[in-house]
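This briefing is written for a reader with the sequence and the model at hand. It begins with the chain as a whole and then turns to selected residues and pairs.

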Amino acid sequence: MKNSDGKNGLFFQRILAFVVDIFIVSFFASILCTPFLDYDSIDNLNQNANEVVSKYMEDEIDTETYIDSAGSILYRLTQKQGPLTLITIFLNILYFVVFQFYFKGQTIGKKLFGIKVVSNDTNELSMNNYIYRSLIVNSLVVDTVAFAFVIFASKDVWLYAIMLLVVINYTILFISLFMIIFRKDGRGLHDLVANTKVISCRK
């Protein structure tokens, strides 16, 4: 029972630390991207999206028209928010890779909740270990590919690509979550790929 309680405690520490870290990255990303965003255009697109949803709910437009209109608005909205996406990707790399490497496996969230990332064996963790880990748990691959599609692909190609990427991303995250919950060592998919594990620093 003691081991089970310890594992459950570590799991919730990891979740809470992750929430804190995501909030920190999102907060700074929103500040840094402010000069680069056209908020008037974004507000207009959000308003257009609400209008399309209302028309569809009131049966003023059919499903095909709704999907086409909503897809077009979402595509333009994603383009307008491109600076935010790019800055968020950059901050994720800076925070979860560089910062965590130099602070010996801890982010601010991990520090607050008394946990850290360590090697699963006797080898020291390199920057590459943190990169491999972040590619999965922080969705760096998916976000980067999605950003490339919105720049270089047409609306229809982007729409199908983004739906596929969302499915892939959430599948990977859910697999990692279930592995953390049910594996005895609490290692997720990202830990296996990066040869890491998360431990408690509290005595």
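**Overall architecture**

Of the contacts in the chain with a separation of 6 or more, 72% are between residues 24 or more positions apart. The model is predicted, and the chain in it holds nine helices and two strands.

**Layout of the chain**

- Read from the N terminus, the order of elements is α-α-α-α-α-β-α-α-α-α-β.
- The C-alpha trace extends over about 60 × 40 × 25 Å along its principal axes.
- The chain has 203 residues, and 35% of them are buried.

**Packing of helix 4 and helix 6**

- Two packed helices are described by the angle between their axes and the distance between the axes.
- For helix 4 (residues 82-102) and helix 6 (residues 127-137), the axes come within 9 Å and the crossing angle is roughly 145°.
- The crossing of helix 4 and helix 6 is right-handed.
- Helix 4 contributes F96, V97, V98, Q100, F101 and Y102 to the contact, while helix 6 contributes M127, Y130, I131 and S134.
- Sorted by class, the residues in the contact of helix 4 with helix 6 are eight nonpolar and two polar, with no charged residues.

**Salt bridges**

- Side chains of opposite charge can pair when their charged atoms come close.
- Five salt bridges are found in a search of the whole structure, and three of them are described here in turn.
- D68 and K155 form a salt bridge through their side chains, with an N to O distance of 2.9 Å.
- D68 belongs to helix 3 (residues 63-80) and K155 to helix 8 (residues 155-182), so this pair ties together parts of the chain that are 87 residues apart in sequence.
- D68 is partly exposed because its relative accessibility is 43%, whereas K155, with a relative accessible area of 18%, is buried.
- A salt bridge also joins the side chains of D191 and R133, at 3.0 Å from N to O.
- This pair links distant parts of the chain, with D191 in helix 9 (residues 189-194) and R133 in helix 6, 58 residues apart.
- D191 counts as buried because its relative accessibility is 0%.
- R133 is buried as well, with a relative accessible area of 6%.
- The side chains of R183 and D185 meet in a salt bridge of 2.8 Å, N to O.
- R183 is partly exposed, with a relative accessible area of 30%, and D185 is partly exposed, with a relative accessible area of 39%.
- Through salt bridges that share partners, R14, R133 and D191 are joined into one network.

- Q13 is a residue of helix 1 (residues 2-32).
- Q13 counts as buried because its relative accessibility is 14%, which is below the cut-off of 20%.
- A polar atom of the Q13 side chain lies 2.5 Å from the backbone oxygen of F113.
- With neighbours within four places in sequence left aside, Q13 is in contact with F113, G114, I115, S200 and R202.

**Residues with positive phi**

- Most residues other than glycine have a negative phi.
- K104 has a positive phi, near 55°, and is a residue other than glycine.
- K104 is located in the loop between helix 4 and helix 5 (108-112).
- K104 is exposed because its relative accessible area is 58%, and the cut-off for exposed is over 50%.
- S139 likewise is not a glycine, yet its phi is positive, at about 55°.
- S139 sits in the loop between helix 6 and helix 7 (140-152).
- S139 counts as buried because its relative accessibility is 8%.
- In summary, K104 is an exposed residue, whereas S139 is a buried one.

Methods. Residues numbered from 1 in each chain as written. Predicted model: local features only at pLDDT ≥ 70, side-chain atom pairs only at ≥ 80, totals over all residues. Heavy atoms only, no water. Helix = DSSP H or I, 4+ residues; strand = E, 2+ residues; numbered from the N terminus. Buried < 20%, exposed > 50% of the residue type's maximum accessible area, 1.4 Å probe, protein only. Polar contact = N/O pair within 3.5 Å; in protein donor to acceptor, adjacent residues only side chain to side chain. Contact = heavy atoms within 4.5 Å. Axes fitted to C-alpha atoms, helices over the stretch in contact; angles between N-to-C directions. Left-handed = near helix turned anticlockwise from the far one by under 90°. Nonpolar A, V, L, I, M, F, W, Y, C, P; charged D, E, K, R; others polar. Salt bridge = Lys/Arg side-chain N within 4 Å of Asp/Glu carboxyl O.
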